[in-house]
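The following note sets out numbered points on the model shown below. Each point may be read alongside the sequence and the coordinates.

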Amino acid sequence: MTPPSAYQRLAARFKLIATIGECASMLGWDAAAVMPPGGGAARGDQLAALAVLRHQHLTAPEIEADLAAAETTDPWQAADLRLMRHEYARAKAVPADLVEARAKADSDCEKVWRIARKNADFAFVRPHLTEVVRLTREAAAALSDALGVSPYDALMDGYQQGIGADDVAPVFAAYEDFLSTALPAVEQRQARYKVPTLPPGPFPIEAQAALCRDLVQRLGLDFEHARLDQSAHPFSGGTPSDVRITTRYLEDDFTSAVLAVVHETGHALYERGLPAAYARLPVGEAAGMATHESQSLIVEMQAVRSSAFLGWLGPRLHDAFGGAPDPYRLENLAWLWRHVQRSTIRVDADEMTYPAHVILRFRLEQAMIAGDLAVADLPEAWNAGLHALLGITPSNDAEGCLQDIHWYDGAFGYFPSYTLGAMAAAQLMQAAREQIPDLDQAFGRGDLSPLLGWLRVHVHGVGSRLGFNDILAQATGRKLDPLAFQTHLRRRYLDGAD
């Protein structure tokens with residue numbers, strides 16, 4: 001029997017490493033969806049143990065030797081080797097004891113943050129966040145040396161390879177300029193119309209859950225390989241063959257549940273569409289978090305919030321909740337779900353002001369990682385930054401620097417992915433409309449299958465063989481074009497064309 005090649009040995013080891021990651025993902029889902037509060041401390045130990053185990057496998061001497069020896073002419077395997085070498089370099093740069101310390105600090109801080117946010121008490125979590133930032137800066141410095149990039153770029157690299165702060169900063173600055181004129185213009189236009197009204201509730205949780213489940217299936221997600229559960233913060237997790245999405249239900253407003261489940265279904269559809277032939281290999285994974293966000297947002301913002309789809313959805317909402325039909329008509333739903341309003345909460349923001357929330361976090365986390373902003377000064381810096389961007393100030397820290405889980409869970413460098421994803425989603429939808437005849441007519445039937453089929457070919461099935469910009473270039477003919485997003489916003493909010 002022919003002995004395995006260096007690449008085959010690497011593939012076997014990386015599949016084991018991916019399986020360890022899948023175990024951690026499932027434990028994370030369990031912690032957010034069903035774990036009793038008393039299990040938090042043990043869960044932190046379990047996740048830390050898995051992080052160390054994964055790190056040990058990634059830094060094994062055999063990997064270095066096989067990476068040096070592996071050769072291939074196959075384009076998928078070549079891309080896989082490139083990604084393996086990059087992942088190995090990241091792991092080798094950070095000692096196992098730092099990996100374990102970060103995992104435990106992140107888990108501890110996240111649990112304390114939940115209490116601090118509930119009580120709007122930043123001081124309660126500040127010591128824990130200070131430790132998370134200290135350890136994150138230590139890891140970022142080590143990664144910086146290994147990768148030859150800045151510490152903050154090294155953190156960004158963990159979420160979206162090939163894009164750094166110098167790429168993002170001018171894009172965000174240009175959007176800030178756009179927003180300074182477009183936002184007042186939209187507000188002036190909206191002032192001529194009545195304020196959108198939420199249909200009168202209550203909306204029984206059972207009815208919302210049934211509606212959301214039907215909608216998930218309508219969008220193309222198969223419950224043979226997926227679950228829908230509740231959590232405090234909606235998310236998508238699990239594995240490509242066992243995706244776990246969550247949402248949250250409010251009896252006085254079905255909007256939160258419906259839009260969250262649509263967004264998370266977009267993430268889940270991407271995972272389900274990844275190339276099965278390369279499952280558990282780096283090349284078979286999603287092409288970064290900006291790409292991932294583009295897939296959730298092309299479903300939620302571009303497709304489901306389109307006039308065509310809302311016209312189909314309205315009667316289904318009315319069937320689910322009853323009452324007068326007028327609040328569910330297209331005109332009201334469009335104004336309700338496409339109403340632009342300055343607000344302090346990122347997850348509730350409309351798609352025009354949402355990037356301002358991301359820009360704020362991008363600038364603050366850069367300053368914290370650089371050592372230019374002390375954790376103790378975060379609330380004041382947050383409030384000043386939000387006021388500069390949107391002219392509003394949070395009434396307390398729960399509406400300010402405590403609102404997001406990311407930093408308290410150690411996720412620094414992630415936030416730019418949200419807005420890069422929104423911009424990419426607009427660009428992809430622009431291309432899809434040009435290439436798919438009668439796409440809006442399909443949306444008007446509640447049918448996303450033509451769009452999903454196009455995404456399967458141009459995004460999902462590519463895996464990580466191509467990076468973020470190369471995927472866009474192949475699908476749309478150009479790398480990221482932020483003007484596509486501005487064109488979409490003008491069309492929807494100023495021209496009233498969608």
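**Note on the predicted model**

1. Strands E2 and E3 run antiparallel and are joined by four bridges. Helices (H or I, at least four residues) and strands (E, at least two) are DSSP runs, numbered from the N terminus, and two strands pair if DSSP finds at least two bridges between them. The structure is a predicted model, in which local features need pLDDT of at least 70 and side-chain atom pairs count only at pLDDT 80 or more, while totals for chains, interfaces and linings use all residues. Residues are numbered from 1 along each chain as its sequence is written, and side-chain values use heavy atoms, with hydrogens and water left out.

2. A hairpin of two residues links E2 to E3. Within this pairing, Ser236 has Ile245 of E3 as its bridge partner, and Thr239 has Asp242 of E3.

3. What is the order of the strands in the open sheet? The three strands follow the order E1-E3-E2, and the pairing is mixed. Strand E1 (226–230) and strand E2 (236–239) are at the edges with a single partner strand each, so one side of each has no neighbour in the sheet. On average, neighbouring strands of this sheet are turned by 20 degrees against each other, direction ignored.

4. E1 and strand E3 (residues 242–247) run parallel and are joined by five bridges. Ala226 has Val243 of E3 as its bridge partner, and Gln230 has Thr247 of E3.

5. Five of the six residues of E3 are buried, so that the strand is mostly covered; buried means under 20% relative accessible area, exposed over 50%, and partly exposed in between (1.4 Å probe, protein chains only). H10 lies across E1, E2 and E3 and runs at about 165 degrees to E3. For this angle, axes are lines fitted to C-alpha atoms, for helices over the stretch in contact, and angles run from 0 to 180 degrees between N-to-C directions. Contact means heavy atoms within 4.5 Å.

6. Helix H10 (255–272) is also part of what covers the buried residues of H13, as is helix H12 (307–321). Those buried residues of H13 are Asn332, Leu333, Ala334, Leu336 and Trp337.

7. Which helix gives the most to the lining of the second largest pocket? H13 does, with four residues. Helix H8 (165–190), helix H13 (330–337) and helix H20 (482–494) each supply at least two residues of this lining. The pocket holds about 270 Å³ of space, and its lining includes Arg189, Leu330, Glu331, Trp335, Arg492 and Asp498. By class, the lining has four nonpolar, three polar and five charged residues. Here Ala, Val, Leu, Ile, Met, Phe, Trp, Tyr, Cys and Pro count as nonpolar, Asp, Glu, Lys and Arg as charged, and the others, Gly among them, as polar.

8. There are three cavities of 30 Å³ or more in the structure. On a 1 Å grid over the protein atoms alone, a cavity is a set of points where a 1.4 Å probe fits but cannot get out, and a pocket is an open set with protein on both sides within 12 Å along at least five of seven lines; lining residues have an atom within 4 Å of a point. Grid points are joined across faces, edges and corners, and a volume is the space filled by probe spheres set on the points.

9. The largest cavity holds about 40 Å³ of space. Among its lining residues are Met156, Tyr159, Ile163, Ala290, Pro416 and Leu420. Helix H16 (residues 416–435) gives the most to this lining, with three residues. The lining has six nonpolar, three polar and no charged residues.

10. Asp106 lies in helix H5 (residues 96–119) and is buried, with a relative accessible area of 12%. Beyond its neighbours within four places in sequence, Asp106 is in contact with Val132, Tyr408, Asp409 and Gly410.

11. Some backbone values deserve a check. Most residues other than glycine have a negative phi, and most peptide bonds are trans. Gly201 and Pro202 are joined by a cis peptide bond, with omega about 0 degrees; Pro202 is in the loop between H8 and helix H9 (205–219). Ala120 has a positive phi, near 50 degrees, and is partly exposed, with a relative accessible area of 30%. Arg280 has a positive phi near 70 degrees and is partly exposed at 40% relative accessibility.
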